[in-house]
Amino acid sequence: MQYRTLGTSGAVVSAYALGTMTFGAEATEAESHAILDGYVAAGGNFVDTADVYSSGVSEEIIGRWLAARPDARGRVLLATKGRFPMGAAPNDVGNSRRHLNRALDDSLRRLGVEQIDLYQLHAWDPVTPLEESLGFLQDAVAAGKIAYYGFSNFLGWQLTKAVHVARGRGWNGPVTLQPQYSLLVREIESEIVPAALDAGIGLLPWSPLGGGWLSGKYKRDQPPAGATRLGENPERGMEAWEARNADPRTWDIVDAVHEIAGRHEATAAQVALAWLAEQPAVSSVILGVRSTEQLAGNLAAADLQLTEDELIRLDEVSRPRVGVYPYGPLAREQRSRKLSGGR
């Protein structure tokens, strides 16, 4: 297992984090504890959850795992999130001081810890002033309830604004951003990745296998079936079957991943994960698994070293489609500058 700093903080995390959205939903408590045990045994030290995962059950499962293994708390960095509804009332959602105060205390209670290593705003809140949210996070750091904070699903301008508001107030700044990122979803490279690099923010990509598309389990023009996420729900969110199956780019990417996997006697998932772990600003790639077998297979990506030519091949085949302006080649050229000068 490789280790990296969490953004520009001094905290050190494994290059692959364990996402726990499956806990209490697709994985039982016993299975979840076995996954956690296997992850730590492999050298992993970064566990990510959220209050809305299984309506708090994921945090409770992790809390009971920590309680049964007293030495684990000192070895594992714990991350969770708040923002989405945990009740039906108007103030049971959002990044207001009122909601976040209750959400953080509830997460601490469910996890059974005194401090959360990384607390994340799960998404932007267009209603709450950003200064209110950041003020709460600053107070939580000062109170020792959280060590660091970050965001999830923020746009580039939102991340940059938060960084500069915090700096302007003399507050602790964010250290991470959790975006969706994979060979299939690279649109964040236009604005979000540059914003993260500019601010020294570490990226924690979620859905690194594109909802299972990059694992090799789906076939062209063959609707998924069985015990897979799309087999159970072909209309599932951003990974829905019909739109991606109809897009030739999807299968160009999948074919390239399989081709490179064959050269290394690796799985398609391992290739997709190894590519993502090499991208600029990435601190740790979040793995979402429902079994110890999936965990072991994905963690083997840590031992896979792609060649420069293979990385370039994957870059080219998965390059996101953009319009002429502002992200097309000519527009990018306008923002570049040759040190040698000239036209």
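I take buried to mean under 20% relative accessible area. The model I am reading is a predicted one.

**Entry 1: aromatic pairs**

I searched the whole structure for aromatic pairs and found 7. I noted W124 with F154, an edge-to-face pair at 5.4 Å centre to centre, with 80° between the planes. W124 sits in the loop between β6 (116-121) and α5 (130-142), and F154 in the loop between β7 (146-152) and α6, so this pair ties together parts that lie 30 residues apart in sequence. I checked the accessibility of the two residues: W124 and F154 are both buried.

I then looked up Y181 and W275, which also form an edge-to-face pair, at 6.1 Å centre to centre and 70° between the planes. Y181 belongs to the loop between β8 and α7 and W275 to helix α11 (residues 268-277), so the parts tied together here are 94 residues apart in sequence. Y181 and W275 are buried.

Which residues make up the aromatic cluster that includes W124? I list W124, Y149, F151, F154 and W157 as one cluster.

**Entry 2: the sheet**

I traced an open sheet of 8 strands with parallel pairing, in the order β9-β8-β7-β6-β5-β4-β3-β10. β9 and β10 are the edge strands, each with a single partner, so one side of each has no neighbour in the sheet.

I followed β6 and β7, which pair in the parallel sense over 5 bridges. L121 has F151 in β7 as its bridge partner, and F151 is one of the members of the aromatic cluster. I also placed helix α4 (residues 97-111), which lies across β5 (77-82), β6 and β7 and runs at about 140° to β6.

I examined β3 (residues 16-19) residue by residue. Y16 and L18 point one way and A17 and G19 the other way, and all of them are buried. In a regular strand the side chains alternate between the two faces of the sheet.

With β10 (residues 285-288), β3 pairs in the parallel sense over 4 bridges; there Y16 stands opposite V285. With β4 (residues 46-48), β3 pairs in the parallel sense over 2 bridges, and G19 stands opposite D48. From β3 the chain crosses through helix α1 (residues 29-41) to β4, and I record this β-α-β crossover as right-handed.

**Entry 3: S14**

I looked up S14, in strand β2 (residues 12-14). Its relative accessibility is 0%, so I count S14 as buried; the cut-off is under 20%. Setting aside neighbours within four places in sequence, I find S14 in contact with M1, Q2, Y3, Y39, G43, G44, N45, F46, S283 and S284.

**Entry 4: helix α7**

Which residues of α7 (residues 192-199) are buried? I find I192, V193, A195, A196 and A199. They cover an arc of only 160° around the axis, which puts them on the same side of α7. An α-helix has 3.6 residues a turn, so residues three or four places apart point the same way.

I asked what covers the buried residues of α7. The cover includes α6 (156-169), β8 (176-178) and β9 (202-203). After α7 comes G200, for which I note a positive phi, near 70°.

Terms used: Residues numbered from 1 in each chain as written. Heavy atoms only, no water. Buried < 20%, exposed > 50% of the residue type's maximum accessible area, 1.4 Å probe, protein only. Arc of directions from axis to C-beta. Contact = heavy atoms within 4.5 Å. Pairing = 2+ DSSP bridges. Right-handed = clockwise from strand over helix to strand, strands pointing away. Phe/Tyr/Trp six-rings, centres within 6.5 Å; stacked < 30°, edge-to-face > 60°. Axes fitted to C-alpha atoms, helices over the stretch in contact; angles between N-to-C directions.
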